[in-house]
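Please keep the sequence and the 3D view open while reading.

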Amino acid sequence: MSTSAGHVWQNCLNFIEDNIQIQAYKTWFVPIKPVKLEGNVLSIEVPSRFFYEWLEEHYIKLLKSALTKELGRDARLIYVIRMENTFGNKLAHTESIPSATKSIQNTQQVDAPLNSYNAELKNPFVIPGIRNLEVESQLNPNYNFDNFLEGDSNRLARSAGLAVANKPGGTSFNPLLIFGGVGLGKTHLAHAIGVEIKENYADKTVLYISAEKFTQQYVESVKKNTRNDFIHFYQLIDVLIIDDVQFLSGKSGTQDVFFHIFNHLHQNGKQVIITSDKAPVDMQDIEQRLLSRFKWGLSAELQVPDFETRISILKNKLYRDGVEIPDTIVEYVAKNIKSNVRELEGAIISLIAQSSFNKMEITVELAKEVVNKFVKNTKREVSIDYIQKVVSEYFQMDIDTLQSKTRKRHIVQARQLAMYFAKKFTKASLASIGSQIGKRDHATVLHACKTVDNLSFTDKQFRKYVDDLNQKLTL
Ligand code: ADP
Ligand code: MG
């Protein structure tokens, strides 16, 4: 970098910093590197094409003012885009002549030595016709507000959800983060908000997607070199619902892309709804900058429903299914199954099934039987020993082999899978998992979990191992 480029850019930065919000400054200007200055032409390096497009779209006037102040009326700016994928070290250059009098499209003069990029350098925000794009919402109409029963445990989240549904992007609940344990209604509520928005605003583009699927799509897009298309697609959404965001833990590439999408949507007044099994403060391996975004809006917790709410959820379910059961029995179930709504529903469904299979009346006795079985079943925690047994049987080796010090690939993989599932299905700490699976340390277990995560995306065969084992262990 020539000192003069650095000097000029530093002066520009001082000016820019005084004129925009600190957060925007940090996000969009701090990462820029001055490259060189030739006459009145300053070259700056930006981290991605998306970044450049964003600057052009949102900060072109500011950049122009800063540059004219430093370099005079004929100041020019060249963006050097650090290539995101492949193409070795080649850089794409994009030249821009900031001019407040011209529209953004006109200012985007492309001076691309790599001609093949010309087609791509269109501003993604104005691709004609793309607004008409139909997006399948992926919403489940059976999850709506009508059948999401209200109680103390969910009042805040539910009413925030309703407020958002009435005015997507127009409340301070943006993003709306719904968090809570398994089976407490996060997915249901997230869909309900989407469904309600579709009802209120038919032409808004709503998209529900699990963080897992989002990650898969992203990984695919990187493989196919369509990362930009991926980003642009998500930037067109009016209401983006991402379920189980904890899935992004440790996946820094996906977090990064979600960060950019999030910023774009948020700054354009679009609504983002996120669910997670943890409060933001407890999320692990999620980048700080993303966590801080999550805290911008409202975090609303879904708690374990109290007895009254459990009763009304059960009664409502029975009513919708057209089944009649004496109150005493409903109360018995509600009293004994407390941990979450999914189990509550599960118990009542097996109760109904039992009685109709066996042509039995639903009595308290029967309810006791079912509930006992149910509580026992769901309490059964998979042990680490059991996981090792299942994994080694699956790979036809014995447990000693699985635990041995060998570096043979297929044995290492089996061991890593065992560690991964131990982390997934037990509450044991990484250290304790390590010590039980071949006396390894916690870092090895952590590494194993990450490796399994990665391989299951990149390797079909491996993915099948994970799915098979998952099924065996949850049966
Ligand atoms: P989570 O995503 O938090 O694991 P789900 O949204 O999948 O939980 O909810 C589990 C089940 O419980 C679903 O069938 C859902 O319809 C039901 N459920 C949860 N909360 C409520 C509620 N307040 N009223 C009615 N049904 C509920
Ligand atoms: Mg869910």
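Which atom of Gly183 lies 2.7 Å from an oxygen atom of ligand 1? A backbone N or O atom of Gly183 does. This is a predicted model.

- Gly183 contacts the ligand through its backbone, with an N or O atom 2.7 Å from a ligand oxygen.
- Gly185 also uses a backbone N or O atom, 3.0 Å from an oxygen atom of ligand 1.
- His188 uses its side chain instead: an N or O atom there is 2.6 Å from an oxygen atom of ligand 1.
- Ligand 1 taken alone exposes 560 Å², and the protein buries 91% of that.

**Ligand 1: the surrounding shell**

- Two elements each give two or more residues to the shell around ligand 1: α7 (186–200) and α14 (341–357).
- The ligand is surrounded by 17 residues.
- The closest are Gly183, Lys186, Thr187, His188 and Glu345.
- By type, the shell holds 7 nonpolar, 7 polar and 3 charged residues.
- Domain 2 (155–302) and domain 3 (307–376) each supply at least three residues to the shell.

- Is strand β2 (residues 41–46) enclosed or open? 6 of its 6 residues are buried, so β2 is largely enclosed by the rest of the structure.
- Side chains in a regular strand alternate between the two faces of the sheet.
- In β2, Val41, Ser43 and Glu45 point one way. Leu42, Ile44 and Val46 point the other way. All of these residues are buried, on both sides.
- On one side of the pairing, strand β1 (residues 33–38) runs antiparallel to β2, joined by 5 bridges.
- Within this pair, Glu38 stands opposite Val41 of β2.
- β1 and β2 form a hairpin with 2 residues between them. Gly39 sits in the turn and has a positive phi of about 60°.
- Strand β3 (residues 76–81) runs parallel to β2, and 6 bridges join the two.

**A buried serine in a loop**

- Ser137 is found in the loop between α5 (104–107) and α6 (155–166).
- Is Ser137 buried or exposed? Ser137 has a relative accessible area of 12%. The cut-off for buried is under 20%, so Ser137 counts as buried.
- The Ser137 side chain reaches the backbone oxygen of Val206 at 2.9 Å.

**A cis peptide bond**

- Asn174 and Pro175 are joined by a cis peptide bond, with omega about 5°.
- Pro175 is found in the loop between α6 and β5 (176–179).

- Asp285 is a residue other than glycine, yet its phi is positive, near 55°.
- Asp285 has its place in the loop between β8 (271–276) and α11 (288–294).
- Gln396 is not a glycine either, and has a positive phi of about 50°.
- The place of Gln396 is in the loop between α16 (384–394) and α17 (399–403).
- Gln396 has a relative accessible area of 76%, which is over 50%, so Gln396 is exposed.

Conventions:
Residues are numbered from 1 along each chain as its sequence is written. Chains are lettered from A and ligands numbered from 1 in the order in which they are written. This is a predicted model: local features need pLDDT of at least 70, side-chain atom pairs count only at pLDDT 80 or more; totals for chains, interfaces and linings use all residues. Side-chain values use heavy atoms; hydrogens and water are left out. A residue is near a molecule or strand if one of its heavy atoms lies within 4 Å of it. A polar contact is a pair of N or O atoms within 3.5 Å; within protein, one must be able to donate a hydrogen and the other to accept it, and residues adjacent in sequence count only if both atoms are side-chain atoms. Accessible areas come from the Shrake-Rupley method with a 1.4 Å probe; for residues, only the protein chains shown count as cover. Helices (H or I, at least four residues) and strands (E, at least two) are DSSP runs, numbered from the N terminus. Ala, Val, Leu, Ile, Met, Phe, Trp, Tyr, Cys and Pro count as nonpolar, Asp, Glu, Lys and Arg as charged, and the others, Gly among them, as polar. Domain bounds come from an automatic or database domain assignment. Buried means under 20% relative accessible area, exposed over 50%, partly exposed in between (1.4 Å probe, protein chains only). Two strands pair if DSSP finds at least two bridges between them.
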